[in-house]
Amino acid sequence: MGSSKDQLLVRLKELQIDFSQYEHPVVLTVEAQAKYVGNKGGALSKNLFLKDKKHRYYIVSALADTKVDLKVLSQRLGLGKGGLRMAPEQALGEILQVPLGCVTPFAVVNESARHVSLLLDQGIKTQERCFFHPLSNDISISLDAHGLDKFLKSTGRDPSYVDLEANPPVGKDQPPDLAAFIPSGSTVLPDLPDEAPASQDSTGNHVSAGTKSAAVIAVKPSGNVQNVKEKPVNGARPSIPSADAGKFVEELLDKTSTLLLSEISEDSIKQHGGQLGTEVVNNIQKCLREDLKNLATIFKNTAYTEGFYAGIHYQPKRL
Amino acid sequence: MEKKEDQQLQQEEEQVVNPWEVSAKDGGKIDYDKLIDKFGCQRLDQSFVDRVQRLTSRPPHVFLRRGVFFAHRDLNEILDAYERGDKFYLYTGRGPSSEALHLGHLIPFMFTKYLQDAFKVPLVIQLTDDEKCMWKNLSVEESQRLARENAKDIIACGFDISKTFIFSDFDYVGGAFYKNMVKVAKCVTYNKVVGIFGFTGEDHIGKVSFPPVQAVPSFPSSFPHLFSSKDDLRCLIPCAIDQDPYFRMTRDVAPRIGYHKPALIESLFFPALQGETGKMSASDPNSAIYVTDSAKDIKFKVNKHAFTGGQESIEKHRQYGANLEVDIPIKYLNFFLEDDAELEHIKKEYGAGRMLTGEVKKRLIEVLTELVERHRRARAAVTDEMVDAFMAVRPLPNMFD
């Protein structure tokens with residue numbers, strides 16, 4: 001199950017993040033939230049939960065009055081003009097584990113949101129404090145960008161802020177400037193049926209959650225994501241990502257056998273007779289040496305990487 | 001001694017070779033003799049190739065045998081020291097300006113891998129994401145992303161992770177590295193850097209202050225986590241000859257700050273498919289073979305776009321033979337066909353007109369397809385974790401084994 005708001009607030013306190021909290025009746029829109037905390041000294045945020053055609057998800061967390069144009073954003077991400085749309089309601093529950101009207105950067109604390117990319121409005125950094133929902137929309141908390149960053153770093157993400165109102169040209173010589181925010185991990189989620197997008201609020205702005213203060217956690221696309229499968233390219237069988245000694249030996253034996261079989265034929269037997277053994281061995285060594293060394297280097301690098309990963313995640317003994 | 005460049009004045013008359021532009025005189029071929037003369041480096045002759053073979057007890061790499069790596073600075077000193085038991089380290093790099101790498105990009109890396117294996121020495125690889133951010137006006141995030149993507153193709157060339165450190169400027173500049181950058185910068189006047197690189201008053205200060213970034217990986221003290229006790233370790237830099245200006249500047253500065261001058265071993269330019277006079281450009285996918293090309297793509301590109309020296313008709317061809325000077329398939333085979341005897345045979349038959357262009361192209365397609373296929377399989381085994389491991393600031397205890 002996902003983290004609850006209480007667990008989140010406890011965690012914020014553990015991290016010594018300074019925040020103020022306000023309880024109020026459930027709110028689903030920025031306007032409704034404004035009625036209760038609009039004058040409490042923090043900027044309101046709007047938070048969008050988006051999805052692209054390849055079922056990758058994004059949280060966009062911005063100041064309430066920052067203009068967010070989904071078409072521009074889609075292009076800047078390299079998804080073409082119409083590549084981004086509001087994520088279906090079901091995804092809110094399944095991926096972010098928050099109710100309707102509660103999209104918030106804090107949702108990335110949940111495992112299910114591991115691959116969700118987070119785009120933070122740089123406007124958040126200009127405000128003393130910003131309001132967000134801490135996983136429940138009957139409460140709003142305000143904190144500054146520094147506190148938000150601290151939280152995000154504790155989840156293993158690297159906060160990065162973007163000018164959401166910018167509209168740079170994207171073309172042959174100008175690569176999409178936000179391409180770095182495309183999640184690179186494979187989504188392990190089932191294919192959610194494309195339902196109607198989350199309801200619009202009365203101002204016509206597409207907001208999935210009326211979260212105002214935005215601690216938006218930017219996702220470093222190739223951050224601490226465990227499950228990164230390389231795409232197999234054009235029929236080439238992807239090599240095993242883990243150092244499997246058995247498979248490695250099979251590959252070596254395969255290559256040697258193929259070469260051996262091609263070297264021994266009626267003609268070559270006639271040609272070399274008893275010397276065929278020596279001749280074949282020479283050829284095998286000449287042709288295979290570099291190939292086998294390359295395979296061995298790949299194996300070594302993979303095994304080293306596994307050890308390295310284990311090393312950086314090792315938990316020292318508690319004394 | 002190092003000669004001064006005067007590109008702006010001589011642009012129309014002479015060939016231009018610097019890190020950001022390579023063009024021949026009058027749309028002709030690059031004159032490498034003139035280049036060696038102008039830059040002041042040395043020709044790599046057969047005696048060097050033989051010496052390398054003796055020292056490493058293995059056949060010299062195909063690029064050495066065919067004169068692809070053809071010029072050097074102080075290679076003899078590196079080899080002398082190696083013979084005495086003093087090792088060295090390798091330094092090479094890439095400017096990650098695009099995701100798509102073509103075969104020309106792989107050449108310095110293929111050669112560097114051979115050097116690492118043959119001499120059993122460590123290697124640092126610099127990804128100049130800051131340079132591309134500045135020169136190609138990429139965002140910081142995008143240039144960092146490209147650096148990581150390019151790192152995967154570089155790793156696929158087969159470097160040994162226990163002897164290789166890959167770093168990106170945005171990640172690594174700071175600390176001891178930055179201290180060396182400042183030491184170098186203090187020794188190069190504004191006028192000098194304008195003279196070497198051709199900067200103008202319109203160029204932003206990022207460009208003007210970049211050269212030290214590419215210079216200091218030549219000094220072991222820039223990598224305290226690797227070479228902390230080896231302050232006089234020498235450095236050998238395999239690169240394409242257009243990078244020479246950076247290292248001329250570095251070699252000029254090194255003795256003034258108490259460091260060894262780095263040695264260089266330099267390669268020819270890899271010709272575009274359309275011929276020596278054509279330009280390989282990222283926006284024209286038909287000007288080069290990319291590591292992501294399928295077997296079908298390679299066949300199409302070589303058959304349709306490779307510039308050949310064959311005659312217009314079979315009769316004429318049988319009579320006069322092919323013009324090997326301009327024939328691209330022969331040049332590409334020169335780079336990538338391992339078997340010396342087979343290459344000689346093809347050159348002889350094709351030059352005499354007995355072999356047709358189609359056959360030569362067919363052989364080239366085989367060779368390139370195998371190369372690209374091998375690279376792709378190796379690339380598929382490179383994970384993000386492996387990139388993290390290669391790029392981690394960690395000790396390499398077995399780097400000379």
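# Reading salt bridges, a sheet and a helix

User: What is the relative accessible area of B:D340, and how does that class the residue?

Analyst: B:D340 has a relative accessible area of 35%, which makes this residue partly exposed. The classes are buried (under 20%), exposed (over 50%) and partly exposed in between, with a 1.4 Å probe and protein chains only. Before we go on: this is a predicted model, where local features need pLDDT of at least 70, side-chain atom pairs count only at pLDDT 80 or more, and totals for chains, interfaces and linings use all residues. Residues are numbered from 1 along each chain as its sequence is written, chains are lettered from A and ligands numbered from 1 in the order in which they are written, and side-chain values use heavy atoms, leaving out hydrogens and water.

User: Which residue forms a salt bridge with B:D340?

Analyst: The general rule is a side-chain nitrogen of Lys or Arg within 4 Å of a carboxyl oxygen of Asp or Glu. Here the partner of B:D340 is B:R66, with the closest N and O atoms 2.7 Å apart. B:D340 sits in helix α19 (residues 340–352) of chain B and B:R66 in the loop between α4 (62–65) and β4 (69–73) of chain B, so the pair ties together parts 274 residues apart in sequence. B:R66 counts as buried, at 15% relative accessibility.

User: What about B:D203 and B:K207?

Analyst: Their side chains also meet in a salt bridge, 3.5 Å from N to O. B:D203 is partly exposed at 24% relative accessibility, while B:K207 is buried at 16%. Elsewhere, salt bridges that share partners join B:R148, B:E149, B:K152, B:D153, B:R379, B:D384 and B:D388 into one network.

User: Now a sheet, please. In what order do the three strands of the open sheet in chain A stand?

Analyst: Strands of a sheet pair through backbone hydrogen bonds, either parallel or antiparallel. In chain A the order is β1-β7-β6, with antiparallel pairing. Strands here are DSSP runs of E, at least two residues, and helices runs of H or I, at least four, numbered from the N terminus; two strands pair if DSSP finds at least two bridges between them. β1 and β6 of chain A stand at the edges with a single partner strand each, so one side of each has no neighbour in the sheet. Three bridges join β6(A) to β7 (residues 139–143) of chain A, and A:C130 stands opposite A:L143 in β7(A).

User: And the helix? Which residues of α1(A) are buried?

Analyst: An α-helix has 3.6 residues a turn, so residues three or four places apart point the same way. In α1(A) the buried residues are A:L8, A:L9 and A:L12. They cover an arc of only 95 degrees around the axis (taken from the directions from the helix axis to the C-beta atoms), which puts them on the same side of α1(A). On the other side, A:K13 and A:E14 are exposed. The buried residues pack against β1, β7 and α6 (145–154) of chain A, where contact means heavy atoms within 4.5 Å.
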